[in-house]
Amino acid sequence: MVGLINWLSQITAVTKFSLRTVPERLGSSASAVFGIAGVVAVFVGVLSIAQGIRQTMVTSAAPEGAIVLRSGADSEMMSGLGREATRIISEAPGVARDAEGPLSSAELFVILNLPKRSTGTDANVPLRGVERAAPRVRADFRLVEGRMFEWGRNEVIAGSAAAREFAGLDVGASLEVGREQWQVVGIFATNGDLSESEIWTDAKVLQPAYRRGDSFQSARVRLNSAGSFQEFKDALTSDPRLDVKVARQDEFFAEQSIVVVTLITVLGTIIAVIMGLGALIGALNTMYTAVSERTREIATLRALGFRSGPVVASVLTEALILALAGGLVGGGLAYVAFDGFQAATMNWQSFSQVGFAFAVTPQLLVQGAVYSALIGLVGGLFPAIRAARLPVATALREL
Amino acid sequence: MSESNNVLVRVHDVDKVFRRGSEEVHVLGGAHLEMPDGEFLALMGPSGSGKSTLLNLIGGLDRPSEGTVEVGGLRIDRLSDRKLAGWRARHIGLVFQFYNLLPVLTAERNVELPLLLTHLSRAERRKHVAAALGVVGLKDRSQHYPRQLSGGEQQRVGIARAIVTDPTILLCDEPTGDLDRTSSDEILNLLSALNEEQGKTIMMVTHDPHAAARASRTLYLDKGKLATEPEE
């Protein structure tokens, strides 16, 4: 025990000396700090895109929401449900009800081409035909501007992310849907979830415009509770009149987001690893310089009886402190520059755009700090070993 | 550390081999040395004769390629690196030609360094440091940094650091090599006093006959042989 305390106090003492010499090596220390800061900023920045998309598509989905598609369909695009099927779904056990009836909305999903505000290029925007229960099926639906569309008329309301990202969705503007002009009468929000990237209208008006007869593509329901899901699912999948697939809304969107989130995460990680190698070389260089400039000091300490362990620990600690400083600066930069930054990207499952905000989460900042620490430790390890193996007598003679 | 016959250091048949490319250079070639407790020994010889190498072997800073080194009855050539470091901290006081003080620490903190390897409390360490700085006459400069001290003063701090743990032996490698005559005399007076008044055993490597004259015995090392007279 006494030995351990002694060893720790040696580490503390040697680390203190080495940190006090950092100002004499400000240039190389600062370049290591900023190199690592750059890597962490990019790492956190890119991953905040994936995090933002995930939050939009998954995190904000209500746990008591469920979606019903035709069996075998992976997305709404590929699904189809007849009127009778949607009626059976709305009456299934587990579906929540209010004074106006069951919280179930049979919906139609088509794609419009609208120019992006940022680039002016056309992009796919989902236009959703909904039933009257749709706003109540989504727990957090609220109009933020204008009014609700009138049922039975060529009117639409636009989600706030869609209105922000695409031109022509301001209240009062008109859209060409099919061969007719449709009026934008309101803007709605749904607490940042995927619906905000959509345009809504009455399903009954949308069906003839796209010659869909009386068919839908999905049914959205709100269940009594998240626990009612199994009962609801069992009732539908065992009903011989139906051939459907039932999913929890959050799980469905998690699956929908996998491709894009994985793509961005993998790309972001590759970029961060490549940049990290550069920063690693910078850190190695800094710490080799530090060790070589401190050769006299290290040799003197060793000659006085300090063991190599504390010397190794002091070099590693210095590298770690510099790297973590870089990590903090980088994380801070990423937070200031990216958090909340709004953008839109393609959702490959629905072939339409998803509006989202970059999310620099505490978890990402921790990941950034861990990554910077890793760069620091690896960058400090070889110089530390060199310092530990320094032959004391030779080192003293050379000075 | 007690030793029969009063011999503190016993170097037997040591050689140190250095490699220079493919060539092997034998520096000490089987040197013998015995040093009684309480002696002030000066070691002279031309550059490259191996004086510092011998000093380093006795101080446990290096290991012999052949032969044995015994200090206070302990075969230090057999100790592991870890044990050797601990042994140095307890038994060896080192004085360097270029002082080797840590520039970021005050005189007081520099002197305290070897005490960080002991179990002394902070208060006890401060007491020892004050006493050591008192011995070298630098009590009033304890808060100065090395760059604020003259060469002679820095070397006195170096000596205070070497004696603060009350080591068995003081090993001084050209302690006056970087100093003017006055400062050099001050350092030599200090070393003599430590030897005569406190009974410290001192081994001093030097080029300077004036410095060597202060020692109780002078040995000359040349081509691996130790002699009482310089070779003509």
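**Close-up 1. A buried salt bridge between A:Glu76 and A:Arg220 in the predicted model****.** A:Glu76 and A:Arg220 are both buried (under 20% relative accessible area; exposed means over 50%, partly exposed in between; 1.4 Å probe, protein chains only). Their side chains form a salt bridge, with the closest N and O atoms 3.9 Å apart (a side-chain nitrogen of Lys or Arg within 4 Å of a carboxyl oxygen of Asp or Glu). A:Glu76 sits in the loop between strand 1 and strand 2 of chain A, and A:Arg220 in strand 13 (residues 218–222) of chain A, so the pair ties together parts 144 residues apart in sequence. Helices (H or I, at least four residues) and strands (E, at least two) are DSSP runs, numbered from the N terminus. Salt bridges that share partners join A:Glu76 and A:Arg220 with A:Glu107, A:Arg128, A:Arg138 and A:Glu198 into one network.

**Close-up 2. The salt bridge between A:Lys245 and A:Asp74****.** The two side chains meet at 3.7 Å, N to O. A:Lys245 belongs to strand 14 (residues 244–248) of chain A. A:Asp74 lies in the loop between strand 1 (65–70) and strand 2 (81–82) of chain A. The pair links distant parts of the chain, 171 residues apart. A:Lys245 is partly exposed, at 24% relative accessible area. A:Asp74 is also partly exposed, at 43%.

**Close-up 3. The salt bridge between B:Arg141 and B:Glu153****.** Here the N to O distance is 2.7 Å. B:Arg141 is in the loop between helix 4 (122–135) and helix 5 (151–163) of chain B. B:Glu153 is in helix 5 of chain B, 12 residues apart from its partner. B:Arg141 counts as partly exposed, at 22% relative accessibility. B:Glu153 is buried, at 14%. Over all chains, the structure holds 32 salt bridges.

**Close-up 4. A nonpolar surface patch in chain A****.** The patch consists of A:Leu374, A:Val378, A:Leu381, A:Phe382 and A:Ile385. Together they have about 410 Å² of accessible area (Shrake-Rupley method, 1.4 Å probe; for residues, only the protein chains shown count as cover). Patch residues have over 30% relative accessible area and no salt bridge; nonpolar side chains (Val, Leu, Ile, Met, Phe, Trp, Tyr) are joined within 5 Å, like charges within 9 Å. A:Leu374 lies in helix 11 (residues 362–389) of chain A. A:Leu374 is exposed, with a relative accessible area of 52%.

**Notes.** Residues are numbered from 1 along each chain as its sequence is written, and chains are lettered from A and ligands numbered from 1 in the order in which they are written. In this predicted model, local features need pLDDT of at least 70, side-chain atom pairs count only at pLDDT 80 or more, and totals for chains, interfaces and linings use all residues, while side-chain values use heavy atoms, with hydrogens and water left out.
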